[in-house]
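Subject: Structure handover

Hello,

Here is the structure for you to look through. My notes on what was found follow below it.

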Amino acid sequence: MTSSATMAPHCNQRSLTVPDIVRTMRLYQKTRLLVCTKYPFSLSFKPGTRFSLLSWKTYLRVLGTVQSQSSSTPSADSSQYGLNHKSNSQTYDGASGFGMVGLQNQFNGAEDESYCNDEFASDVEKIYRILRKFHSRVPKLELALQESGITVRSGLAERVLNRCGDAGNLGYRFFVWVSKQPGYRPSYEVYKAMIKSLGKMRQFGAVWALLEEMRKENPQLITSEVFIVLMRRFASARMVKKAIEVLDEMPKYGCEPDEYVFGCLLDALCKNDSVKEAASLFEDMKIQFKPSLKHFTSLLYGWCREGKLMEAKVVLIQMREAGFEPDIVVYNNLLGGYSHAGKMADAYDLLKEMKGKGCVPTAVSYTILIQALCKHEKMEEAMRIFIDMERSGCHADAMTYTTLISGFCKWGKIEKGYEILDSMIQQGHTPSQNTYLQIMLAHEKKEELEECLELMVEMQKIGSVPDLIIYNAVIRLACKLGEVKEGVRLWNEIEATGLSPGLDTFVIMIHGFLGQGFLVEACQYFKEMVERGLLSAPQYGTLKELINTLLRADKLEMAKDIWSSIVNKGCEINVSAWTIWIHSLYKNGHVKEACSYCLDMIEADAMPQADTFAKLMRGLRKLYNREIAAEITEKVRKMAEERQITFKMYKRRGERDLIEKVKEKDDGRKRRGRRRRWGGGRHSSAKAL
């Protein structure tokens, strides 16, 4: 990006060229456990301590021996933290705090061996650079791709779409171009990747259009898995009715929904806080789809996730009445429910019941209990459970160790976290990205940037390249401490490693630039985020802060340029976005511009909020501009009639909302004044105590 060049890091900054080390060190990750067994050494990389690692010469000498053993040596447990069972498979979600800390997929040797000798690597990077440079200018983009000399072949499109990551617009532009190439027919994987990408961008109209194209040109590629992807995207967007409608639309495309598809729909709803709707759907569809153990397990998981144990017990009764006996997955979900609700005594009783019924608790079962204890800072009890687990013959897995490390680091005991990490490696478990992330977050909390950077370097030395989440954490800390140049250096490192900066990365950088007063750079990153198709409703807070900062600095033209970039790139602009823009203009004294954009809003068939209308009318009365006031009033009156809203009530509600907002503002000012008079309020009182 333009700003990256202007914000170059200091010359004496220690840097590591990640692409160079990735290709030479990937194989080390695969054989590390075997080397650790034969030549024990510490891999905790505690910042500030000497890094005791085998030299590369020593490593290369033993590599041939280790490689010959690797085919016959069992690998460490690399399963995700999911409640997987032969008869019943379900992922246990840890992101919400219910369940375990999410564990990323472990090392896949086949993938990374092919990384070095990948025939697509250079072409993928070349296409990605072209997409980034010309994606906002379609004719130039198509010309550049045409003149690139790259031969479109099987497998290339999938790799390019994967390289684009969350930047859906880049992937979509490439998909449109490659579909026009002579002799090229998109594969099933390409279509599936596009549906995922467009669904993530909430471009559901484009998804249905893509499905129509598939039906006309490649009907044999339409499978139930494609619709399952779409269901999950609707469910994650909390569009429950739309997700259910997918089930009804499937027959039109030659796919009949079965118990498996219905189970996936229930699972998606339950994992996205729509268990009530899932339970209602389950009751309505009992006749059409025969209930299975997976259906009951999804509902039980959903109720446990929401902490409604009575409803979960009802599902358990229904499950038994239907002839299904609880398996380890069901019991683990119940353990999670009790632990999440803080009912540890009930959780311990359930653990004993499992043993009595011959359902032997697994590492997952114990890890659920350990995480609940770590959450409430009961680390001694968590360690006791860990020891009891080992004594009972159930060996801890990578997730168990990661949970303990997370617990100690969360409560500021980083030293203990490093000790657990050493123990984890000595037991033959490979730390995941998430394992290192827990330590990284602890350093971030203590604002220890140098320690974070050192830990990243040591990770890279053993071939464990930091993922985007780790980069985001370190960039966030760098920006918080005012080290924006270091943030830019890390951004460039992300691009160099083959990762694609995601939405969170952009938001962090934009806020970092705003905090340091670099308005031009903040605008450049925001426009890049918009052009890559990453702007969505939840990020309107970033939009509001950027626009208000620009207008407070009298940068009206820059603010208009930001708004134009959103409009011109075809982003779905809802009433909230319009309201943010118009209110920001009005608040900073640009009343005429606010009124002009209000008229644009009406032209776009978006009705202004009542307080927006009232605010603009007040401003126009002060300016004695009756013509614009009359024009806006007439158009809003027509929109109110079309929507069957009484215009008088609309005006009154607007005035009332303005009065209430002024009152809330005054009350807040008074509260802050009282706190200052009382010595700083609650925080000062706490310090005094």
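Start with one term: two residues are in contact when heavy atoms of theirs lie within 4.5 Å. Leaving out neighbours within four places in sequence, Leu 300 is in contact with Ala 312, Val 315, Leu 316, Met 319, Val 330, Asn 333 and Leu 334.

Some ground rules. This is a predicted model, in which local features need pLDDT of at least 70 and side-chain atom pairs count only at pLDDT 80 or more, while totals for chains, interfaces and linings use all residues. Residues are numbered from 1 along each chain as its sequence is written, and side-chain values use heavy atoms, with hydrogens and water left out.

**Overall picture**

The protein chain has 36 helices and two strands. Helices (H or I, at least four residues) and strands (E, at least two) are DSSP runs, numbered from the N terminus. Buried means under 20% relative accessible area, exposed means over 50%, and partly exposed is in between (1.4 Å probe, protein chains only). Of the 689 residues in the protein chain, 51% are buried. Now take contacts between residues at least 6 apart in sequence: 68% of them join residues at least 24 apart.

A nonpolar core is a set of buried Ala, Val, Leu, Ile, Met, Phe, Trp, Tyr and Cys residues, joined through side-chain atoms within 4.5 Å. The largest one has 202 residues. Leu 300 is among those with the most contacts inside this core, together with Leu 211, Leu 247, Phe 526, Met 529 and Ile 632.

**Aromatic rings**

A pair of aromatic rings is described by the distance of the centres and the angle of the planes. Rings of Phe, Tyr and Trp (its six-membered ring) pair if their centres lie within 6.5 Å; planes under 30 degrees apart count as stacked, over 60 as edge-to-face, and the rest as tilted. The count by this rule is 19 aromatic pairs.

Why is the pair of Phe 296 and Phe 324 called tilted? The ring centres are 6.0 Å apart and the planes stand at 55°, so this pair is tilted. Phe 296 lies in helix α15 (residues 293-305), and Phe 324 in the loop between α16 (309-321) and α17 (328-340), so the pair ties together parts 28 residues apart in sequence. Phe 296 is buried, at 3% relative accessible area. Phe 324 is partly exposed, at 24%.

Trp 563 and Trp 581 form a stacked pair, with 5.5 Å centre to centre and 10° between the planes. Trp 563 is in helix α30 (residues 556-568) and Trp 581 in helix α31 (residues 575-587), so this pair ties together parts 18 residues apart in sequence. Trp 563 is buried, with a relative accessible area of 3%. Trp 581 is buried too, at 0%.

There is also an aromatic cluster, formed by Trp 491, Phe 506, Phe 513, Phe 518 and Tyr 525.

A charge sits over a ring if NZ of Lys or CZ of Arg is within 6 Å of the ring centre and within 35 degrees of the ring normal. Arg 215 lies over the face of Tyr 253, at 4.6 Å from the ring centre.

**Helix α34**

The expected span of a helix is 1.5 Å times one less than its number of residues. Helix α34 (residues 626-642) has 17 residues and should span 24 Å; its end C-alpha atoms are 24 Å apart, which agrees. Which residues of α34 are buried? They are Ala 629, Ile 632, Thr 633, Val 636, Met 639 and Ala 640. These cover an arc of only 130° around the axis, which puts them on the same side of α34. The arc is that of the directions from the helix axis to the C-beta atoms. On the other side of α34, Glu 627, Glu 641 and Glu 642 are exposed. The cover over the buried residues includes α32 (591-603), α33 (610-623) and α35 (647-677).

**Helix α19 and after**

In α19, 12 of the 13 residues are buried, so this helix is largely enclosed by the rest of the structure. Tyr 366 is one of the buried residues. Glu 377 follows α19 and has a positive phi, near 60°. Most residues other than glycine have a negative phi. Glu 377 lies in the loop between α19 (363-375) and α20. At 43% relative accessibility, Glu 377 is partly exposed.

Best wishes
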